[in-house]
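Please look over the model below before reading on.

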Amino acid sequence: VYVLYSGDIPNETILKGINFSGDQLFIYNWKGEKVKDLKLDIRCTMIAVSPDDKILYGIANNPDPELERFDLHSIFGE
């Protein structure tokens, strides 16, 4: 399970124009145990993971929406 988290206070994110985005990625197994805690190099609003769990895709407003690609394969070393 992949969770995108910001850690921000909602009122502050609205003022900064970064609401509904995050740069922390928490990865859990199906038992609910946290497997990994990663910091992305750019804030994303939505994420998707490839079927083989090797690539994470995210939409980043930079300032226009862009598709970002993160290599999870290198992080897990598989």
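**Notes on the predicted model**

1. Start with one pair of residues. Ile 59 has Leu 67 in S6 as its bridge partner. The two strands here are S5 (residues 55-61) and S6 (residues 65-71), antiparallel and joined by 7 bridges. With 3 residues between them, S5 and S6 make a hairpin. Strands count as paired if DSSP finds at least two bridges between them. Strands (E, at least two residues) and helices (H or I, at least four) are DSSP runs, numbered from the N terminus.

2. On the basis of the model: it is predicted, so to speak, at two levels of confidence, with pLDDT of at least 70 needed for local features and 80 or more for side-chain atom pairs, while totals for chains, interfaces and linings use all residues. Numbering runs from 1 along each chain as its sequence is written, and side-chain values use heavy atoms, with hydrogens and water left out.

3. What joins S4 to S5? The link is 4 bridges, and the strands run antiparallel. Within S5, Tyr 57 stands opposite Ala 48.

4. Another open sheet has 3 strands in the order S1-S2-S3, again paired antiparallel. Strand S1 (2-5) and strand S3 (34-44) each have a single partner strand, so one side of each lacks a neighbour in the sheet. Here the twist averages 25° from one strand to the next.

5. S1 pairs with strand S2 (residues 22-28) over 4 bridges, in the antiparallel sense. Tyr 2 has Ile 27 in S2 as its bridge partner.

6. Check one side-chain placement. The charged end of Lys 34 sits over the ring of Phe 26, 4.2 Å from its centre. The rule asks for NZ of Lys or CZ of Arg within 6 Å of the ring centre and within 35 degrees of the ring normal.

7. Now the whole chain. The protein chain holds 2 helices and 6 strands. Along the sequence the pattern is β-α-β-β-β-β-β-α. Of its 78 residues, 23% count as buried (under 20% relative accessible area, with exposed over 50% and partly exposed in between; 1.4 Å probe, protein chains only).

Key:
Axes fitted to C-alpha atoms, helices over the stretch in contact; angles between N-to-C directions.
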